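Subject: Structure handover

Hello,

Here is the structure I said I would pass on. My notes follow below it.

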Amino acid sequence: MEEKIFFDEKEEISIDRPELYRVYLLNDDYTTMDFVVYVLMTIFDKSKVEATAIMLHVHKHGKGLAGIYPKEIAETKVYQVESLARAKGFPLKCSIERND
Ligand code: NFA
């Protein structure tokens, strides 16, 4: 996405804005609620109150928004969540959707 900024009639610069992607957490029957809250606080910088609300939303509705980031950062978040989950023996999964 490109946005032109005009300073006056003569000067003009262009700024490339990155495409943003939504990172969702997906519900499953085995990952503990405490672990999902921990992931939201440590990987997605949520407070305990926000993390608990998102976790309960995922538990009830099947998926919930964890954050919105440029593509490479979104992919890194997914990798961090899923490798930490596997290391702890949980099947927790994420999905990514373009935020358009
Ligand atoms: N459904 C899981 C449970 O009852 C909790 C959970 C919430 C898992 C959000 C994954 C995501 N232990």
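**The ligand shell**

Helix H2 gives the most to the shell around the ligand, with 3 residues. Helices and strands here are DSSP runs numbered from the N terminus (helices are H or I with at least four residues, strands are E with at least two). This is a predicted model: local features need pLDDT of at least 70, side-chain atom pairs count only at pLDDT 80 or more, and totals for chains, interfaces and linings use all residues. Residue numbers start from 1 along each chain as its sequence is written.

The residues around the ligand are Leu 25, Asn 27, Asp 28, Asp 29, Thr 31, Thr 32, Met 33, Val 36, Met 55, Val 58, His 59 and Leu 92. A residue is counted there if its C-beta atom, placed from the backbone, lies within 6 Å of the molecule. By class the shell has 6 nonpolar, 4 polar and 2 charged residues. In this scheme Ala, Val, Leu, Ile, Met, Phe, Trp, Tyr, Cys and Pro are nonpolar, Asp, Glu, Lys and Arg are charged, and the others, Gly among them, are polar. H1 and H2 each supply at least two residues of the shell.

**Helix H2**

H2 covers residues 48-61, 14 residues in all, and reaches 20 Å from its first C-alpha to its last, close to the 20 Å expected at 1.5 Å a residue (1.5 Å times one less than the number of residues). Ala 51, Ile 54, Met 55 and Val 58 of H2 are buried. Seen down the axis of H2, these buried residues fall within an arc of 100°, so they line one face of the helix; the arc is that of the directions from the helix axis to the C-beta atoms. On the other side of H2, Val 49, Lys 60 and His 61 are exposed. Buried means 20 or more other C-beta atoms within 10 Å of the residue's own, exposed means 12 or fewer, and partly exposed is in between, with C-beta atoms placed from the backbone.

The cover over the buried residues of H2 includes strand E3 (20-26), helix H1 (33-42) and strand E4 (63-70). After H2 comes Gly 62, with a positive phi near 100°.

H3 has 17 residues and reaches 24 Å from first C-alpha to last, close to the 24 Å expected at 1.5 Å a residue. Its buried residues are Ala 74, Lys 77, Val 78, Val 81 and Ala 85. Seen down the axis of H3, they fall within an arc of 95°, so they line one face of the helix. The face turned away from that side carries the exposed residues Glu 72, Tyr 79, Ser 83, Arg 86 and Ala 87. H3 is followed by Gly 89, whose phi is positive, near 80°.

**Two single residues**

Lys 63 is in strand E4 and counts as partly exposed because it has 15 C-beta neighbours inside 10 Å. Pro 18 lies in the loop between strand E2 (12-16) and E3. With 11 C-beta neighbours inside 10 Å, Pro 18 counts as exposed.

Regards

Note on methods:
Contact = placed C-beta atoms within 7 Å.
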